[in-house]
Amino acid sequence: QMIFLSGKFVKKEEAVVSVYDHGFLYGDGVFEGIRVYSGNVFRLENHLKRLYESAHSIMLTIPYTLEEMTQIIVETVRINELQSAYIRVVVSRGQGNLGLDPSSCSMPRVIVIAEELTLYPKELYERGLKVGSVATRRNRPDVLSPQIKSLNYLNNILVKLEANQAGVDEALMLNDQGYVTEGSADNIFIIKNGIIYTPPVYLGALEGITRNAIIELARTNGYELKEQPFTRHDVYIADEVFLTGTAVEVIAVNEVDTRQIKDGKPGPITTHLLNEFRKLVTTDGVQ
Ligand code: PLP
């Protein structure tokens with residue numbers, strides 16, 4: 001396996017970074033997770049737009065143009081001869097001194113890892129996920145925007161730890177007002193009386209690329225979809241609940257805070273949208 005690290009391809013064993021890298025010392029940097037389906041990089045433009053916007057927001061200059069970055073990613077997939085893959089792009093502030101001031105870092109570090117995909121077990125999609133709401137709240141958008149996909153994921157990690165301790169598959173994150181925002185690394189949708197709802201991102205959710213693809217697919221397939229705030233109660237009484245994300249795609253939720261969702265099986269609209277999503281990913285991508 002070859003990894004793109006600071007301007008060249010190196011073997012996995014040799015892909016190491018300095019302990020003085022501020023990505024390591026402070027979580028100072030940005031990242032993306034991207035999927036490759038049948039050799040196509042799914043919505044690469046959208047992922048790179050988000051990466052460059054995240055970097056711009058934290059005043060981190062990515063040392064490649066968008067075109068160069070596209071080439072680097074496509075080349076990483078090609079060199080590893082991958083058809084179905086998960087790509088991780090990391091841009092860290094780079095090596096500096098021990099102080100947190102980024103001005104000691106001279107050169108941002110760019111890393112692209114593409115590896116064989118480990119799919120989630122099929123049973124999980126058939127059974128659905130058990131989800132629990134957690135005490136850790138989504139950081140307030142006016143303090144730190146959830147749109148910055150930064151290397152500082154401590155908030156999400158604390159949420160995941162709480163979910164692990166509660167013995168559930170995934171966490172439901174609320175904002176400081178108690179509105180449902182998202183999972184630890186995925187967006188949430190609920191369906192009630194045939195209408196699909198997802199929280200507006202201003203409540204404190206990342207504007208997921210899978211989320212946006214599902215919104216498009218829902219509308220083109222004639223479903224009514226509303227971006228509207230909702231509470232845990234609305235989730236408990238929903239007809240269907242599902243999560244979306246690059247890794248998980250679309251996955252049904254069958255239990256929330258020990259309340260069974262409807263009959264406890266993935267619902268028809270969730271299943272329909274998952275099938276539509278799987279059709280979309282084979283036709284929409286950069287070769
Ligand atoms: N929310 C958070 C906090 C995430 O980290 C992710 C994963 O990237 C998502 C949602 C889902 O976004 P996407 O569909 O772009 O992978």
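## Basis of the description

A residue is called buried here if 20 or more other C-beta atoms lie within 10 Å of its own, and exposed if 12 or fewer do. The model is a predicted one, and what follows should be read with that in mind.

Helix α3 takes in residues 66–79, and its 14 residues reach 20 Å from the first C-alpha to the last, close to the 20 Å expected at 1.5 Å a residue. Within α3, the residues M69, I73, T76 and V77 are buried. Seen down the axis of α3, these buried residues fall within an arc of 100°, so they line one face of the helix. An α-helix has 3.6 residues a turn, so residues three or four places apart point the same way.

The face of α3 turned away from the buried side carries E67, E68, Q71 and R78, which are exposed. The partners against which the buried residues of α3 pack are the strands β1 (2–5), β3 (29–37), β4 (40–41), β5 (85–92) and β6 (109–116), together with the helix α2 (44–57). After α3 comes E81, whose phi is positive, near 50°.

## The six-stranded sheet

Six strands form an open sheet in the order β2-β1-β6-β5-β3-β4, with antiparallel pairing. The edges are held by β2 (8–11) and β4, each of which has a single partner strand, so one side of each is left without a neighbour in the sheet.

## Helix α8 and what covers it

Helix α8, residues 268–283, has 16 residues and reaches 23 Å from its first C-alpha to its last, close to the 22 Å expected at 1.5 Å a residue. In α8, the buried residues include T270, L273 and L274. These three residues cover an arc of only 105° around the axis, which puts them on the same side of α8.

On the other side of α8, the residues P268, N275, K279, T282 and T283 are exposed. The buried residues of α8 are covered by elements including the helix α6 (209–220) and the strands β13 (240–245) and β14 (249–256).

Methods. Residues numbered from 1 in each chain as written. Predicted model: local features only at pLDDT ≥ 70, side-chain atom pairs only at ≥ 80, totals over all residues. Helix = DSSP H or I, 4+ residues; strand = E, 2+ residues; numbered from the N terminus. Expected span 1.5 Å × (residues − 1). Arc of directions from axis to C-beta. Contact = placed C-beta atoms within 7 Å. Pairing = 2+ DSSP bridges.
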